[in-house]
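Here is a friendly walk through some local features of one protein model. Keep the viewer open as you read.

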Amino acid sequence: MKKYRFNEGWMCRKAEGNFHAVTIPHDAMIKEQRSADAPGGSAQGFFPGGRYIYEKTFLLPEEWVGQPFVLQFEGVHKNAKVYVNGVLVGGAVYGYIPFRVNCGILPEGKNVIRVECNTEKQPDSRWYTGSGIYRPVWAWVGPGITEEDVRITTLSINPAVIHVSAAGQDAEAEIWDDHRMLARGKGTITIPEAKLWSDETPHLYICKVQDQEIKFGVRQLSWSNKGLFVNGKNTLLRGGCVHHDSGILGAATYDESEWRRVRILKEAGYNAIRSAHNPCSRAMLEACDYYGMYLMDETWDVWYNPKNRYDYASLFEQNWERDVEAMVQRDYNHPSVILYSIANEVAEPASSKGVNLAKRICDKMHSLDPYRPVTGGFNLMIIHRSAKGNAIYDENGAGRKTDGNADKANGMNSLMFNILTSVVGTGMNKAANSDKADRITSPVLNVLDIAGYNYASGRYPLEGSKHPERIIFGSETFPQDLYKNWEMVKKYPYLIGDFMWTSWDYIGEAGGGAWAYTSDGKGFEKPFPWILADMGAFDILGNPGGELFWTQAVWGMLDNPVICVQPVNHPGIRPAKSTWRGTNAIPSWSWKGCEGNKAVVEVYFDCAKIELLKNGKSLGRKKVKECRAVFKTKYAPGKLEAIAYDETGNRIGRSELETCRKEDVHICPEVQTAKKEQIIFVPIEIGDGIQVESNADRKVQVKVENGELLAFGSANPRTVEQYHTGSFTTYYGKALAVVRADEPGTLLVKAGDTEKEIRITD
């Protein structure tokens, strides 16, 4: 079969509205009017849901006449129904899985594809989901196989031997490296002098089977209580959790946005991503393959016990096998996928029914793919509490009440649990250390190939003696614990890595990670107009903060110290601090109008001592604790300098921060040349072209010629501004425009009185 893009020419309307033209991928929710009384509340960032209808009318091309026609949807949120010429032909309940619809042979002339999806009933998730056909659509035409019918398995690496099948049968295949054919054969094929795929050497080959070309890597996994081994090499996972949304683009998943995020994370030192808490996009898989990023692909946030009144729980038991089949079929040929995750923080394993379900899911995954380990992100405290009758989510009606809350007699809902966690803080890491908690959690953990622990680092040192055969990792951890956790990762062979919450900020769970200076900033659940979680080593635009540089110091990836400063433009106000953020410092010493304000300066580096100088005057030397030294001073424009010393007093590194000299608007496109229809990211900054002024924010209007402005916004976690209007206020001096190029020639981006040209080619 031949594959065609099917993203253009669509119309969309809300059930009660009029059609308007859209291009897929498309998030219908992101342009809705947010309000304090939105039923999804802070979890959805105060966006309302809706019932949306998409239609595409097209004339059947001559070469498609009489040919089988299959539509492939990468993701529609949610409860998708697909109609062809008025006839229901398929769909999918779960909003995060790819699905195919066999449309048969279409009639000549005009055809109409109609897709309906529904997110009216809220709350239906613990984060911002978006609505609509938010991932790409493809048309498969003609006889034969599709790319996902081909399975490529590495049988050995020395020599490199692979097995290639198509639709379950040994397949004739050719193996290509760039433009050179290396090998050919049927079924089992040896690749001479093969280059192996890993995070350090992400080499990809092309396998040609019939009319399909599939990129793959020669990569073999093994695991034991001695560690995780990729191609025989012991590998530690430097991981971060990532939600599915694309920041200011909403849930719309463009290839360029996924590739950009993976690239930024890889360049920052991460070698692993956890897709939290649902299967990731095809584009993320391809980007991880290309850049060498290990991926833990996760299935669900719920099983059969609801966490929200209208979530997936009521439909889970009828659909979970289909979900697993869809995810594994899509993931199988991607070398980046090294872990399948069966759940996030579900309480069901407190009962025998839940443990049996976990085993069934694992067995299903193993039957579909015996070459990858199965894991899950389990919060051991949740399971322990549930077994004691203090269920956070239970199967006796939690979350189904008319108010959307859990049964108060039995425990609490997910929101209340997050509130509890924000109070308990990092003490949760030891909440499941008891022998009783161990006995309760072991049945499900023993089902897994590798056990993922959410916020249970207190168990790390214990498991080597209590469960000598168990392999574990931190599937979700507090960022401020990274130093302690990473020291244990290096110490205990059975502890294979750490995934911090979180590596990238996201929409929804509004304000859950904020260090807030406003009167409405206390607690986990913050009111309207909070919109972003405000937690992450990178903000929603992809700008790094102190947590990123602290992480790099812990991982030993800094050549010189990095200076960051907690915001100094809130004199006399102590921030309300969230448990899910270790610092809110940013790399800036430009704070207009803040002379004399107290300033907290953080310097990150793996060394013995740090000396800090302000405008040439030493503020003293401080011992470095957990790769961070903290200084308190008063803000004064000029220069900060940090000098790093080893144990013997030798200088081993130096860095500086300077104050911005101007407050101009600067347009800083990430590329100077792009192709037609390419998505381009264009940072907008207030500053002098080198430094950014962090306390002179202003509203900026962005306009585009020979292109389409898809989104424009800042990383402000508390705002009533919307990303689709073209007008937004910068935040700490920064904003981001996302533009789609039109025709070859010149694309012009205007921001205020400034403009920038980008060359567009075919």
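**Aromatic rings**

Please bear in mind that this is a predicted model. It holds 36 aromatic pairs. One of them joins Tyr4 and Trp64, a tilted pair with 4.9 Å from centre to centre and 55° between the planes. Tyr4 belongs to strand 1 (residues 2-5), while Trp64 sits in the loop between strand 4 (51-59) and strand 5 (68-73), so this pair ties together parts that are 60 residues apart in sequence. Tyr4 is partly exposed, at 26% relative accessibility, whereas Trp64 is buried, at 8% relative accessible area. Another pair is made by Phe6 and Trp10: their ring centres are 6.2 Å apart and their planes stand at 85°, which is over 60°, so the pair is edge-to-face. Both Phe6 and Trp10 are buried.

Elsewhere, Tyr94, Tyr96, Tyr134, Trp300, Trp303, Tyr312 and Phe316 form one aromatic cluster. Charged side chains also meet rings: Arg261 lies over the face of Trp504, 5.8 Å from the ring centre. Likewise, the charged end of Arg372 sits over the ring of Tyr332, at 5.9 Å from its centre.

**Helix 5 against helix 7**

Two packed helices are described by the angle between their axes and the distance between the axes. For helix 5 (residues 380-387) and helix 7 (residues 435-445), the axes come within 9 Å and cross at roughly 110°. That angle falls in the range from 65 to 115 degrees, so the two helices are roughly perpendicular to each other. On the helix 5 side, the contact is made by Leu380, Ile383, His384 and Ala387; these meet Lys436, Ala437, Ile440, Thr441, Val444 and Leu445 of helix 7. Sorted by class, this contact has seven nonpolar, two polar and one charged residues.

Which residues of helix 7 are buried? They are Ala437, Asp438, Ile440, Thr441, Ser442, Val444 and Leu445. Their cover includes helix 5, along with helix 4 (352-368), strand 26 (374-378), strand 27 (451-454) and helix 8 (460-466).

**A buried tyrosine**

Tyr340 is part of strand 25 (residues 337-344). With 0% relative accessibility, Tyr340 counts as buried. Leaving aside neighbours within four places in sequence, the contacts of Tyr340 include Asp297, Met327, Val328, Asp331, Met365, Asp369, Pro373, Val374 and Thr375. Tyr332 and Arg372 are also among the contacts of Tyr340, and these are the two residues of a charge-over-ring arrangement described above. Pro107, by contrast, is 41 Å from Tyr340, C-alpha to C-alpha, and 233 residues away in sequence.

**Backbone exceptions**

Most residues other than glycine have a negative phi, and most peptide bonds are trans. The table lists some places that depart from this.

| Site | Backbone feature |
|---|---|
| Trp501 to Thr502 | cis peptide bond, omega near 0° |
| Phe528 to Pro529 | cis peptide bond, omega about 15° |
| Phe46 | positive phi of about 65° |
| Glu677 | positive phi, near 70° |

Thr502 is placed in the loop between strand 29 (495-500) and helix 10 (546-554), and Pro529 lies in the loop between strand 29 and helix 10 as well. Phe46 is found in the loop between strand 3 (20-22) and strand 4, where Phe46 is buried at 6% relative accessible area. Glu677 is in the loop between strand 38 (673-675) and strand 39 (679-687). With a relative accessible area of 39%, Glu677 is partly exposed.

Conventions: Residues are numbered from 1 along each chain as its sequence is written. This is a predicted model: local features need pLDDT of at least 70, side-chain atom pairs count only at pLDDT 80 or more; totals for chains, interfaces and linings use all residues. Side-chain values use heavy atoms; hydrogens and water are left out. Rings of Phe, Tyr and Trp (its six-membered ring) pair if their centres lie within 6.5 Å; planes under 30 degrees apart count as stacked, over 60 as edge-to-face and the rest as tilted. Helices (H or I, at least four residues) and strands (E, at least two) are DSSP runs, numbered from the N terminus. Buried means under 20% relative accessible area, exposed over 50%, partly exposed in between (1.4 Å probe, protein chains only). A charge sits over a ring if NZ of Lys or CZ of Arg is within 6 Å of the ring centre and within 35 degrees of the ring normal. Axes are lines fitted to C-alpha atoms, for helices over the stretch in contact, and angles run from 0 to 180 degrees between N-to-C directions. Angles under 35 degrees count as roughly parallel, over 145 as roughly antiparallel, 65 to 115 as roughly perpendicular and the rest as oblique. Contact means heavy atoms within 4.5 Å. Ala, Val, Leu, Ile, Met, Phe, Trp, Tyr, Cys and Pro count as nonpolar, Asp, Glu, Lys and Arg as charged, and the others, Gly among them, as polar.
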